[in-house]
Amino acid sequence: MKVLRAIEMNRCIGCFSCMITCAAVNQQDHSIMKSAIRIKTSGGLTGKFIAIVCQACKDDVPCAEACPTGALVKRQAGGVLLDKEKCVGCERCVAACTVDAIYFDLDTKRPIVCKHCGVCARFCPHGCLRLLEEGQ
Amino acid sequence: MLYEKATKVLYIDLATGKIEIKQRTDLAIYLGGVGLASKLLAETMRPELPPLAPEQPMVLAIGAISGIYPLITKTVAMFISPLTGELGESYAGGRLALALSMAGYDAVVIRGKASRPSYIAIDGGNVEIKDARPIWGMDSDVVGQFLRDSEEGSGKRSILRIGPAGEKMVKFASVCVDTYRHFGRLGLGALMGSKLVKAITVTGDKTTKIKDFKEYFRAYQTIFKSVTETDLMAKYHDLGTSINVESISALGALPTKNLTDNHFDDAEQISGEAFAEENLVRKLACTGCPVGCIHIGQFRRKFDDGYDYESVSVAYDYELIYSLGALLGISKTDEVLQLIEAVEKTGMDAISAGVALAWATESLIQGIVTEAETLLPLTYGNTENYYQAILYLSARKNAFYQALGEGTRFAGAKLGGEGFALQVAGNEIPGYHTGYANLVGLTVGARHSHLCNAGYAVDQSLKTFDENKAVNTLFDEELERCLLNSLVICLFARKLYTRETVLKALNATGYLLTDDELTTIAKRIYSMKLRLKEKLGFDPRQVKLPQRFFKTPSMNGLLESSIVERMINRYAEKCSELLAEKI
């Protein structure tokens, strides 16, 4: 089982291809608002890029702990999967994530959570994002 | 607007503070981008008034499929150029196209003049005209720093701003977009300055459900692959456009020292390789483009005794190395970057500023102007003086810099030295002296830029020169670019976005157009632009070309004015034929 890692963000050119393809593939939407990964700058474009995305917490998983309905199910390799049927849209997971990597979809009233599918890594032209085997 | 029949236009009147949003259903026939912006300009401009009259509009537009395919990343600005007095058209990348589409607007029309220094904050449906008095006078980069903190939308917003040159209405002042990109040419910065608009911020959080995911993503992937896995875009990412410095010089097509020469002896020292080896620290991309052609060069500058250094990072490209390098006889990469930094912070078009200073240098050498006027002993290769001169020019320090700030054509006409003022129809020339197609292309091109019809490439590709063939190629290229620019595709991708690919991209997102229909749209747009130019008093046959173009040999030898005239006449005939067509 694999996990997504942002390993070479120094090389990021800020093209947002990761966000465009994540939103398209996982949410069938053209807007980067629907992406589970977000690329941000610190201090404007002269600063470095940072990828705000699920860190694949493994044993202690704050978002899953905060979920009152058990809608966030731990993945074996780290991170969580969202069970939409169980989710009530309370946003506690959003608040619980230390790195702010859970986004709330205002259209569906459900969180947008990275499922470590790796589509973003596939479209990253500089290899900044990688889908790696657990522990690699 | 994607998947919708209506085109959403935001109208801002700075004089009254009135904001109006119109959903127009009559604009789809222009597809978007340059077509849409030309139509909105035609509707709102006032040809009888000066270019900087408060009533004059500034139009921004994106295209039908902006931001959802690789390299469809640009925004077009249209206006009456304060530099040439006729059609103003300029393109910028960065994050603006994405921000406008997420704010939900296809186009923005700004008219009137604010009562005090202001900036416009567009956040989806919320549009505010805010107080910019404390940031008036600031350098372009500093304004960006302040607005990043005071405005929302980090990561998905765009910030446009002018520097002091725009405030002083230097006629070739630029607008900086997201730090490293610009509406550079033809003086949009002066227009913003005349309206007392220091900056515009754009953000939004609009979402758009994909109608047919399979079709769309198949098209996206095909285009993405041809961008990243073929050689089509490699040169733009690798060394970037600066790869051409040495080769253009070797061909004898690089305007050097105010085009007293056609090649630069020190070209190797300011070549793309030299910049890459000595200064390149990172590459960046416009939003939605996996190429990453923006080359950031860094240099450090000692500012005090001992070990006190500051470091500066600026973006460089071929045209800047030409205008602030070879044209001024500067042969060190660090020094070219310093001059780029100066035009960046003051907010001027790099090509026009370099050409203006080259003209000033030759005027001084020839005794047409004196050092009492230039305030500095401008000599080729002296970066320190040029750096200072850029500051004087942006501040319009005295009567001389006042005149120079009106453009090189104006300064040449007023002070003498028209014959070596490197401009065509008022626009300072880009870095090519390749031959007839380039010179004619600049004259007849809608915005007198090498990007209108790529005359420089026509000169390099025609094995044996043929006047008519060259004219036809220029015309066809200008026409096709009307289509590419209606979608506002980055022109670096012009070979990638063939008709077949354009149709694939459009069809996959619900625009069921045919090849013939695209041709009709291109013709409709070009006709409209030609009519706009006519209304603004432009006639290519009346353009007076400076003697220098005919005295310094081009890459293809000395040019004859009679041949240029013949070609311009032939081109004008082709335009008349197009205008007579029923479209």
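Which residue of β2(B) does B:Val9 stand opposite? I found that B:Val9 stands opposite B:Lys22.

**Conventions.** I noted that the model is predicted: local features need pLDDT of at least 70, side-chain atom pairs count only at pLDDT 80 or more, and totals for chains, interfaces and linings use all residues. Residues are numbered from 1 along each chain as its sequence is written, while chains are lettered from A and ligands numbered from 1 in the order in which they are written.

**Sheet.** I looked up the pairing of β1 (residues 7-13) of chain B and recorded seven bridges to β2(B), in the antiparallel sense. Strands (E, at least two residues) and helices (H or I, at least four) are DSSP runs numbered from the N terminus, and two strands pair if DSSP finds at least two bridges between them. I then traced the open sheet of six strands in chain B, whose order is β2-β1-β6-β3-β4-β5 with mixed pairing. Its edge strands are β2 (18-24) and β5 (87-92), each pairing on one side only. I noted an average twist of 15° from one strand to the next.

**Helix on the sheet.** I saw that α1 (residues 33-44) of chain B packs on this sheet, touching β1, β3 (58-61), β4 (75-80), β5 and β6 (107-111) of chain B. Its direction makes about 25° with that of β4(B); axes are lines fitted to C-alpha atoms, for helices over the stretch in contact, and angles run from 0 to 180 degrees between N-to-C directions.

**Interface.** I recorded 31 residues of chain B in contact with 23 residues of chain A, contact being C-beta atoms, placed from the backbone, within 7 Å. On the chain B side, α3 (140-150), α6 (213-228) and β13 (280-284) each give two or more residues, and α6(B) gives the most, with four.

Technical notes: Two residues are in contact if their C-beta atoms, placed from the backbone, lie within 7 Å.
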